[in-house]
Amino acid sequence: MAELMENEVVRAFSTYAVIVVVKMLLMGPLTSYNRFARGSFSNEEDVARKSSEEKKQLLKTHPDVERVRRCHHNDLENIIPFVIVGLLYALTGPELSVALLHFRIFAGARIFHTIAYIGALPQPSRALSWVVGMLVTFSMAYRVLNTVLFL
Ligand SMILES: N[C@@H](CCC(=O)N[C@@H](CS)C(=O)NCC(=O)O)C(=O)O
């Protein structure tokens, strides 16, 4: 493992994988913040100490909370495949400059996707960032299959 970490591409991958995973993890606290700020809870036990009138108000969805949840869900759909495919890609021994280009574009695209989603920026800004991120993962998947295909 320590030897593997001496490989520059693996180190670059680890860096960008952690950046996008931490970004994704932060969607949880952002959801919680919005729940408290907007008064929107989804479980009876979360509002157990409130009066029944308050409970009725608080046990409701709020568009801002749902937006962050959808953004988080979209991260799960895209960042998990990036981490799995990206690790395999890093192990195929690509050129460092090409690998860095993949990792940087993906990280930039996903950070922009979050800004576009949370900030409700006009489309196609979010769609384009999603497509760019997905193309990076497909490009890495192509290289992995091209290198190791064994059916
Ligand atoms: N599961 C996604 C698949 C397609 C997708 O990821 N589209 C991008 C660009 S429009 C997106 O940001 N979708 C919004 C979302 O996943 O909530 C969806 O339901 O939209």
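Which residues in α1 meet which residues in α5? The views below take that up, along with a few other spots. This is a predicted model, in which local features need pLDDT of at least 70, side-chain atom pairs count only at pLDDT 80 or more, and totals for chains, interfaces and linings use all residues. Residues are numbered from 1 along each chain as its sequence is written, and side-chain values use heavy atoms, with hydrogens and water left out.

**View 1. Helix α1 packs against helix α5.** Helices here are DSSP runs (H or I, at least four residues; strands are E, at least two), numbered from the N terminus. On the α1 side you'll find Glu8, Val9, Ala12, Phe13, Tyr16, Val20 and Lys23, and they meet Leu96, Ala99, Leu100, Phe103, Arg104, Phe106, Ala107, Arg110, Ile111 and Thr114 in α5. Contact means heavy atoms within 4.5 Å. By class, the contact of α1 with α5 has 12 nonpolar, 1 polar and 4 charged residues. For these classes, Ala, Val, Leu, Ile, Met, Phe, Trp, Tyr, Cys and Pro count as nonpolar, Asp, Glu, Lys and Arg as charged, and the others, Gly among them, as polar. The axes of α1 and α5 sit 10 Å apart at an angle of about 5 degrees, which makes the two helices roughly parallel. Axes are lines fitted to C-alpha atoms, for helices over the stretch in contact, and angles run from 0 to 180 degrees between N-to-C directions. Angles under 35 degrees count as roughly parallel, over 145 as roughly antiparallel, 65 to 115 as roughly perpendicular and the rest as oblique.

**View 2. Helix α1 also packs against helix α4.** Here α1 (residues 8-25) and α4 (residues 63-91) pack at about 170 degrees with axes 10 Å apart, so the pair is roughly antiparallel. From α1 come Val9, Val10, Phe13, Ala17, Val20, Val21, Lys23 and Met24, while α4 brings His72, Asp75, Leu76, Ile79, Phe82, Val83, Gly86, Leu87, Ala90 and Leu91. Sorted by class, that contact has 14 nonpolar, 2 polar and 2 charged residues. Zoom in on Ala90 in α4: at 3% relative accessibility, Ala90 counts as buried. Buried means under 20% relative accessible area, exposed over 50%, and partly exposed in between (1.4 Å probe, protein chains only). Leaving aside neighbours within four places in sequence, Ala90 touches Val9, Val10 and Phe13. Ala90 and Val10 are 80 residues apart along the chain, yet their C-alpha atoms are separated by 5.6 Å.

**View 3. The largest nonpolar core holds 21 residues.** Such a core is a set of buried Ala, Val, Leu, Ile, Met, Phe, Trp, Tyr and Cys residues joined through side-chain atoms within 4.5 Å. Phe13, Val20, Phe82, Tyr89, Phe103, Phe106 and Met140 have the most contacts inside this core. At least two core residues come from each of α1, α4, α5 (96-118) and α6 (125-148), and α1 gives the largest share, 8 residues. Phe103 touches Val9, Ala12, Phe13, Tyr16, Phe82, Tyr89 and Met140, not counting residues up to four places away in sequence.

**View 4. Asn34 and Val65 come together where α2 meets α4.** The axes of α2 and α4 come within 9 Å and cross at roughly 170 degrees, so this pair too is roughly antiparallel. Met27, Gly28, Leu30, Thr31, Asn34, Arg35 and Arg38 in α2 meet Asp64, Val65, Val68, Arg69, Cys71, His72 and Asp75 in α4. The class tally is 5 nonpolar, 4 polar and 5 charged residues. Asn34, in α2 (residues 27-38), is buried at 7% relative accessible area. Val65, in α4, is buried as well, at 0%. C-alpha to C-alpha, Val65 and Asn34 are 5.6 Å apart in space and 31 residues apart in sequence. Skipping neighbours within four places, Val65 is in contact with Thr31, Asn34, Arg35 and Ser40.

**View 5. The loop between α5 and α6 includes Ala120 and Pro124.** Most residues other than glycine have a negative phi, and most peptide bonds are trans. Phi of Ala120 is near 50 degrees, a positive value in a non-glycine residue. Ala120 is partly exposed, with a relative accessible area of 47%. Further along, the peptide bond from Gln123 to Pro124 is cis, with omega near 10 degrees.
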